[in-house]
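Work through the exercises below with the sequence and coordinates at hand. Each task is followed by its solution.

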Protein chains: 2
Amino acid sequence: MSEISPIRWKATHLELLDQRLLPGEVVWLKLDDVTTVAKAITDMVVRGAPAIGVTAAYGVVLAARYHRQSSAQHWRRGFDQDMQLLAAARPTAINLKWAIDRMLQRVEQNVSDAELEAEAIAIHQEDVAACKAMGDYGAALIEGDASIITHCNAGALATAGYGTALGVIRSVFHQGNLVMAYADETRPWLQGARLTAWELAQDGIPVTLIADSAASHLMSTKHIDWVVVGSDRIAANGDVANKIGTYQLAICARHHGVKFMVAAPTSTIDLDVASGADIPIEERAAEEVLGVFGTRIAADVPAWNPAFDVTPASLVDFIVTEKGVIESPDKQKIAAHMRQGE
Amino acid sequence: MSEISPIRWKATHLELLDQRLLPGEVVWLKLDDVTTVAKAITDMVVRGAPAIGVTAAYGVVLAARYHRQSSAQHWRRGFDQDMQLLAAARPTAINLKWAIDRMLQRVEQNVSDAELEAEAIAIHQEDVAACKAMGDYGAALIEGDASIITHCNAGALATAGYGTALGVIRSVFHQGNLVMAYADETRPWLQGARLTAWELAQDGIPVTLIADSAASHLMSTKHIDWVVVGSDRIAANGDVANKIGTYQLAICARHHGVKFMVAAPTSTIDLDVASGADIPIEERAAEEVLGVFGTRIAADVPAWNPAFDVTPASLVDFIVTEKGVIESPDKQKIAAHMRQGE
């Protein structure tokens, strides 16, 4: 089991592994106020929908402590403003809102700082447990030896640990069934090249890096069994928002008869959005496409840089959550899955 | 009309625009022997199937001159060795072999150095003329205003001038019908970001750069009419080898009902290979994927770096050559097209 986790709660402050510097440097940033936490989410110090959720929960703890200390009576005004700032740090991943909402329910119950901290720690621990459950559910679907393509980083680094899509790959590896994990490099931010390759290599899991453009050629010339990815938001009808390029990969998987699995906790499912068309898609700065981490590579032209895309439910064979498996997802199955165990 | 051309013949030597340094630096390299010419092709100083063909033709001129001067009697031994070296400089683009074969026919006729030089110049000039013909045939297919996605650089820089796919885009622009050209950045070598964006911007043609992974999201969220690409080799049955990622783009174009056009001179059509399965696909160094022009970006893992892929004829709506248009290409249509005008 991987011990990699990008988030450390230190009682007085939060520590985040700066994912902008991986794999070259392993640097932990110390964050002791919610404004810094929100900026770290926007700037992608921490990324990945579940990890953003856990980080935001600790941000709520820091904000509540600060404002309660500042003014026992009027603390909610500044706190509520901070919550708006935090919720707006990135638009696509719903886990951010989910975690803030869960923390705010406790705030409304007038719990103590210690109880609020305990709630954030619970969210943190539940995320690791959810990843392991997803890993096992996902791995159980994959029969026999398998080569798997994944996109972006839906790994330990995108969660509190173990990972969603990479949790499935870890579990397949532990079963002894993983032939090869192929990591799309995932331009422009190179989460695949920098993060997925790094964390799988750290755990001794066989991984081969490919350019995003090589996935279909890989499917047509080598034996690929599955595509497994994470998600930033799943609509009520099963449409899946995830890192730009996921949709393309899903189209190509279907074209080649390769199965397509999405691994994401139920906190990623947003019953308030009917379909993928209603999911806000973040557009990031053109500079991310025009360069590679500060080094200019492109000619002086405009660039379009959507950070996510939407894969329609019709192209998704399985959604795996901590509650189990949804095959060929649709509105009814998603609703039933969310009610399960309630 | 664009005056951009990456190849200058200077009577005593050849000059090549070093495409590894664009768009940052415009540097011309002087080459006066065939070994250097072959290395320039291997190292991608010059790239693009038609440009490789023209370059090789001048390489034959330089080799013949050198060996004839060295030994009027025994010159063919060294010359033939050089021809093997030159032909092996890159494996996928058939235009390399086509140009060498055409030059060797003249050599077999015992023509003078001056006549051999004239043949290379003819190949050079015919390539520009072929590109303009293709541009017009391709543009005639595109009715009304159009937004077009292109991949890699099938432009003036990939030919003797004007370009194949970018020749079509140039002609659509000159007709006043181009809404936007979207350039895939084309990892790992970034021909789209560095070369296509640069040469279209030089000519004032509207261009927007996207990550390769964003093409499908672009097709599903904005109005895209066509994908237009070049080719490195077209098999007798119409299967198209082109830059890695072309196949993926063709699958996604078909999925969205976007038309897919391949613009390539008949010198790219290889009747000796029955289908795409018989086209050798060059695999280049892992370092190209693990880094960006010498800057390491990825974790320390293996990478798979096929430089080309094969798009089956069934996904190709049109092949456009200097002779005209082949709709829904197959073996019979390709054969008839090649006989045309003979």
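Predicted model: local features only at pLDDT ≥ 70, side-chain atom pairs only at ≥ 80, totals over all residues.

**Exercise 1: a helix pair**

Classify the packing of α2(B) against α5(B) by direction. Residues are numbered from 1 along each chain as its sequence is written, chains are lettered from A and ligands numbered from 1 in the order in which they are written, and side-chain values use heavy atoms, leaving out hydrogens and water.

Step 1. Helix α2 (residues 49-70) and helix α5 (residues 113-141), both of chain B, pack at about 175°, with axes 9 Å apart. Axes are lines fitted to C-alpha atoms over the stretch in contact, and angles run from 0 to 180 degrees between N-to-C directions. Helices are DSSP runs (H or I, at least four residues).

Step 2. Angles over 145 degrees count as roughly antiparallel, so α2(B) and α5(B) are roughly antiparallel.

Step 3. Contact (heavy atoms within 4.5 Å) involves, among others, Val54(B) and Tyr58(B) of α2(B) and Leu116(B) and Ile123(B) of α5(B).

**Exercise 2: one residue**

Is Ala215(B) buried or exposed?

Step 1. Ala215(B) is found in helix α8 (residues 215-221) of chain B.

Step 2. Its relative accessible area is 0%; buried means under 20% and exposed over 50% (1.4 Å probe, protein chains only). Ala215(B) is therefore buried.

Step 3. Beyond four places in sequence, Ala215(B) touches Gln248(A), Ile149(B), Asp184(B), Ile210(B) and Leu249(B).

**Exercise 3: confidence**

What average pLDDT does chain A have? The average is 96, and 99% of the residues score at least 70.

Key:
Helix = DSSP H or I, 4+ residues; strand = E, 2+ residues; numbered from the N terminus. Parallel < 35°, antiparallel > 145°, perpendicular 65-115°, else oblique. pLDDT = per-residue confidence, 0-100.
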